[in-house]
Amino acid sequence: MKFKKVTAIYFSPTSGSLRNAMAVAEGTGLPMGSIDMTALKNAPLGEISFGSDEIVVLGAPCYGGRIPEIASSRFSLLAGNDTPCIVTVTYGNRHYDDALVELCDLAQSHGFIPIAAAALIAKHTYGHIAESRPDEIDLETTRLFGQKAVCGAEKAIIDVTPSVPGNRPYKDGGKGGIFRPSTTDACVKCSKCVSECPTGAISDDCRTIDNAKCLACFRCISVCPMKAKVMDSEEYRAFAEGFTQKLSVPRKNLYIL
Ligand SMILES: Cc1cc2nc3c(=O)[nH]c(=O)nc-3n(C[C@H](O)[C@H](O)[C@H](O)COP(=O)(O)O)c2cc1C
């Protein structure tokens with residue numbers, strides 16, 4: 001069957017999952033759309049459905065070896081109708097653990113058929129790990145993977161879920177981290193961080209972070225045009241240094257077709 005379009009759907013606080021999912025979608029060569037479910041303002045309000053004549057690419061980061069709970073809840077409003085789906089998990093060079101199988105399972109339970117899956121490296125939120133990933137070679141290989149996935153599905157749709165690594169029941173994870181960014185005097189109260197926060201954790205004046213809501217995803221740090229959101233506590237710096245050393249050996253992307 002010839003597919004009429006591809007839609008990349010992602011939750012991606014610091015853009016690694018976005019870049020990887022978009023590379024897969026580009027590789028398919030199909031007319032492309034995208035749905036960004038990262039910011040609270042972009043959380044879907046109702047079901048979004050897809051047909052069997054189109055492809056969906058799902059992209060989410062790995063948080064503690066799982067899909068962030070907030071991403072799972074947003075993706076739960078997707079409804080496939082035997083829609084072929086390419087599942088991607090992006091992780092920060094430690095491991096993806098059960099996140100990839102979890103996202104395949106989620107896709108399947110919402111009417112999608114996972115035809116291909118990938119665990120892809122991107123810069124880690126914390127420290128200085130895999131900072132140049134995905135690099136041009138990663139992105140080119142990931143595009144090629146998208147192309148092959150669609151070529152395969154045009155001939156026969158095969159569910160790859162059984163060959164995806166991971167455990168069931170899944171390990172505990174999917175929660176946010178413990179670090180909380182602070183705001184410097186460079187803040188001009190432009191509200192960019194407020195409107196881009198995945199959980200609505202930042203007060204209207206940009207200054208206060210609700211600790212209970214914050215995921216420590218560092219999206220506010222990455223979107224602030226004034227570089228006024230920072231994470232520079234002693235505790236964080238010590239952690240980041242050790243973590244960077246521990247994860248200094250580059251891992252390879254995993255592609256399953
Ligand atoms: C709370 C939290 C937990 C994380 N857990 C993991 C992990 O278990 N394994 C890993 O390799 N990377 C982990 N990371 C790093 C992210 O998976 C990585 O930075 C990814 O590129 C983020 O995706 P994004 O750029 O789409 O937001 C974690 C990051 C955060 C914020």
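1. From which domains does the lining of the largest pocket draw at least three residues each? The lining draws at least three residues from each of domain 1 (5-170) and domain 2 (182-232), where the domain bounds come from an automatic or database domain assignment.

2. The model is predicted, and for that reason local features need pLDDT of at least 70 and side-chain atom pairs count only at pLDDT 80 or more, whereas totals for chains, interfaces and linings use all residues. Residues are numbered from 1 along each chain as its sequence is written, and side-chain values use heavy atoms, with hydrogens and water left out.

3. About 850 Å³ of space lies in the largest pocket. A pocket here is an open set of points on a 1 Å grid over the protein atoms alone, where a 1.4 Å probe fits, with protein on both sides within 12 Å along at least five of seven lines, and lining residues have an atom within 4 Å of a point. The volume is the space filled by probe spheres set on the points, which are joined across faces, edges and corners.

4. Of the 43 residues that line this pocket, Tyr-63, Lys-123, His-124, Thr-125 and Tyr-126 lie nearest its centre. The elements α1 (16-28), β6 (83-91), α6 (219-223) and α7 (234-246) each supply at least two residues of the lining; helices (H or I, at least four residues) and strands (E, at least two) are DSSP runs, numbered from the N terminus.

5. The largest nonpolar core has 46 residues, and those with the most contacts inside it are Phe-75 and Leu-100. Such a core is a set of buried Ala, Val, Leu, Ile, Met, Phe, Trp, Tyr and Cys residues joined through side-chain atoms within 4.5 Å, and buried means under 20% relative accessible area (1.4 Å probe, protein chains only). Helix α3 gives the most to this core, with seven residues, and the core draws at least three residues from each of domain 1 and domain 2.

6. Leaving aside neighbours within four places in sequence, Leu-100 is in contact (heavy atoms within 4.5 Å) with several residues, among them Val-87, Val-89, Leu-254 and Ile-256. A second, separate core of 20 residues includes Met-22, Ala-25, Ile-86 and Ala-118.

7. The C-alpha centres of domain 1 and domain 2 lie 26 Å apart, and the contact takes 14 residues from domain 1 and 12 residues from domain 2.

8. Thr-83 has its place in strand β6, and Thr-83 counts as buried because its relative accessibility is 0%. Leaving aside neighbours within four places in sequence, the contacts of Thr-83 include Phe-50, Val-56 and Phe-112.

Methods:
Buried means under 20% relative accessible area, exposed over 50%, partly exposed in between (1.4 Å probe, protein chains only).
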